Amino acid sequence: MTTPSAPLPAAARAHSTADIVATALLSTALAMGSLFAGYVSLFAFGMSTDGCFERCREEYVGDAYAAGWGGIGLALLVTLIGVVWAGTKRKPMFIWPLLGIGIVVAGFVVAFGFIDLAMGN
């Protein structure tokens, strides 16, 4: 008498092609947008107080750099960890680069608020 073989495990649910493509495109958009925003901030933030003489508060320029670049770093970290986590747990991955883009935008909104303070407005 032969014993029946153990049932095969259910096939793991693979990520859809659309999820993989969307994740790759959104991650690329996040990386390119972050590079562009970081590069532009070098000039925009640094020269923001050139035109004002009496009301300038240049101590806020460093805070603007911290908010903008900190947002970029946080966004890239959250995206990387989120995509790896979603990939291992078989969850949708495209959400994480979208969240990263939102973090970069929020970081630069705060950064431009600091620049507005630096210019005395």
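**Close-up views of a predicted model**

**View 1. Pro92 in the loop between α2 and α3.** At 40% relative accessibility, Pro92 is classed as partly exposed. The model shown here and in the views that follow is predicted. Pro92 belongs to the loop that joins α2 and α3. Beyond its neighbours within four places in sequence, Pro92 is in contact with Asp19 and Ala86. The C-alpha atoms of Pro92 and Gly82 are 9.9 Å apart, and the two residues are 10 residues apart in sequence.

**View 2. Arg90, a residue with positive phi in the loop between α2 and α3.** Most residues other than glycine have a negative phi. Arg90 is not a glycine, yet its phi is positive, at about 60°. Arg90 lies in the loop between α2 and α3. With a relative accessible area of 36%, this arginine is partly exposed.

**View 3. The packing of helix α2 against helix α3.** Two packed helices are described by the angle between their axes and the distance between the axes. For α2 and α3 the angle is about 175°, and the axes are 8 Å apart. Helix α2 is therefore roughly antiparallel to α3, since angles over 145 degrees are placed in that class. The residues of this contact comprise 23 nonpolar, six polar and one charged. Helix α2 covers residues 59-89, and helix α3 covers residues 95-118.

View 4. Trp96 is located in helix α3. Apart from residues up to four places away in sequence, Trp96 touches Val78, Thr79, Gly82, Val83, Trp85 and Ala86. Between the C-alpha atoms of Trp96 and Val83 the separation is 6.0 Å, although the two residues are 13 residues apart along the chain.

**View 5. Thr79, a buried residue of helix α2.** Thr79 forms part of helix α2. At 5% relative accessibility, Thr79 is buried. A polar atom of the Thr79 side chain lies 2.8 Å from the backbone oxygen of Ala75. When residues up to four places away in sequence are not counted, Thr79 touches Ser27, Leu30, Trp96, Pro97 and Gly100.

View 6. Ser41 is part of helix α1, which comprises residues 17-44. Ser41 counts as buried, at 2% relative accessibility. Its side chain makes a polar contact of 2.9 Å with the side chain of Trp69. Leaving aside neighbours within four places in sequence, the residues in contact with Ser41 are Gly46, Tyr65, Trp69 and Phe108.

**View 7. The salt bridge between Arg57 and Glu59.** The count of salt bridges in the model comes to one. The side chains of Arg57 and Glu59 meet in a salt bridge, with 2.9 Å from N to O. Arg57 is partly exposed, at 38% relative accessibility. Glu59 is likewise partly exposed, with a relative accessible area of 46%.

Notes:
Residues numbered from 1 in each chain as written. Predicted model: local features only at pLDDT ≥ 70, side-chain atom pairs only at ≥ 80, totals over all residues. Heavy atoms only, no water. Helix = DSSP H or I, 4+ residues; strand = E, 2+ residues; numbered from the N terminus. Buried < 20%, exposed > 50% of the residue type's maximum accessible area, 1.4 Å probe, protein only. Polar contact = N/O pair within 3.5 Å; in protein donor to acceptor, adjacent residues only side chain to side chain. Contact = heavy atoms within 4.5 Å. Axes fitted to C-alpha atoms, helices over the stretch in contact; angles between N-to-C directions. Parallel < 35°, antiparallel > 145°, perpendicular 65-115°, else oblique. Nonpolar A, V, L, I, M, F, W, Y, C, P; charged D, E, K, R; others polar. Salt bridge = Lys/Arg side-chain N within 4 Å of Asp/Glu carboxyl O.
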